[in-house]
Amino acid sequence: MIGRLIDKLVFGLILVIALQLPQLADHYQQFLAGLYASTQWQVEGYEATAKEYHYADAEAMIARHQQNEEPSVRADAEQKVQTIALYKELTQGLVMFNTGNLFEKTAYMFNPVRFDYLEKTVSNFKPGIPLTASGIGFGVVVALVVHYLGSIPFILWARRRKRQRLARAN
């Protein structure tokens, strides 16, 4: 009886934690969207500068600046290359968040390469319950899977004990 109560409490705890993942994904998407907008503004500025000074595009201007003799101009060009690479990465991330399912979003968020984004998102995260059917369904499915996987050792142990008792009785 106490074992079943503990089992239900553990499942409830896992469910509450699993229901946070859709909320976290929404917060993470908002973080990415803000970073994307900021980076897009910078990249558009590079494009405008390139156009103003008659370069084919920002990448042609940056390539020219990388050849400059002045070290500060080359360093600035490298920063621009990194910003454009970040912009492309954020574009792919937002496309995935706009079209992907919660499992894909979770895998994207917990990728070690983007762990700093997750840390920043979690620092402003407020727990809640998702208000979408897919969010609640995701939480329930994850909770059931985690609970079942966590219960397997106990189930096997109980079966072994039962077999041993039956063997002793015979």
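**Reading the features**

Author: Buried means under 20% relative accessible area, exposed over 50%, and partly exposed in between, with a 1.4 Å probe and protein chains only. This is a predicted model, in which local features need pLDDT of at least 70 and side-chain atom pairs count only at pLDDT 80 or more, while totals for chains, interfaces and linings use all residues. Residues are numbered from 1 along each chain as its sequence is written, and side-chain values use heavy atoms, with hydrogens and water left out.

Reader: Which residue forms a salt bridge with Asp-76?

Author: A salt bridge is a side-chain nitrogen of Lys or Arg within 4 Å of a carboxyl oxygen of Asp or Glu. Here the partner of Asp-76 is Lys-80, and their closest N and O atoms are 2.5 Å apart. The two residues both lie in helix H4, four residues apart, about one turn of the helix. Lys-80 counts as buried, at 13% relative accessibility.

Reader: How many salt bridges does the structure hold?

Author: The structure holds two.

Reader: How many helices and strands are in the secondary structure of the protein chain?

Author: Helices (H or I, at least four residues) and strands (E, at least two) are DSSP runs, numbered from the N terminus. The protein chain has seven helices and zero strands, so from the N terminus on its elements read α-α-α-α-α-α-α.

Reader: What radius of gyration does the protein chain have, and what would a compact globule of 170 residues have?

Author: The radius is taken over C-alpha atoms, and the globule rule is 2.2 Å times the number of residues to the power 0.38. A compact globule of 170 residues would come out near 15 Å, but the protein chain has 26 Å. Its C-alpha trace spans about 90 × 35 × 25 Å along the principal axes. Of the 170 residues, 30% count as buried.

Reader: Where is the place of His-54?

Author: His-54 is in the loop between helix H2 (20-52) and helix H3 (58-66). Its phi is near 65°, a positive value in a residue other than glycine. His-54 counts as exposed, at 74% relative accessibility.

Reader: Which residues make the nonpolar surface patch?

Author: Patches are made of residues with over 30% relative accessible area and no salt bridge, with like charges joined within 9 Å and nonpolar side chains (Val, Leu, Ile, Met, Phe, Trp, Tyr) within 5 Å. Accessible areas come from the Shrake-Rupley method with a 1.4 Å probe, and for residues only the protein chains shown count as cover. The patch of about 580 Å² is made by Phe-103, Val-141, Val-145, Tyr-148, Leu-149 and Ile-155. H7 gives the most to it, with five residues. Val-141 lies in helix H7 and is partly exposed, with a relative accessible area of 42%.

Reader: Which residues form the positive surface patch?

Author: Lys and Arg count as positive and Asp and Glu as negative, while His and the chain ends are not counted. The place of a charge is taken as NZ of Lys, CZ of Arg, CG of Asp or CD of Glu. The positive patch is formed by Arg-161, Lys-162, Arg-165 and Arg-168. Arg-168 is found in helix H7 (residues 133-169) and is exposed, with a relative accessible area of 66%.
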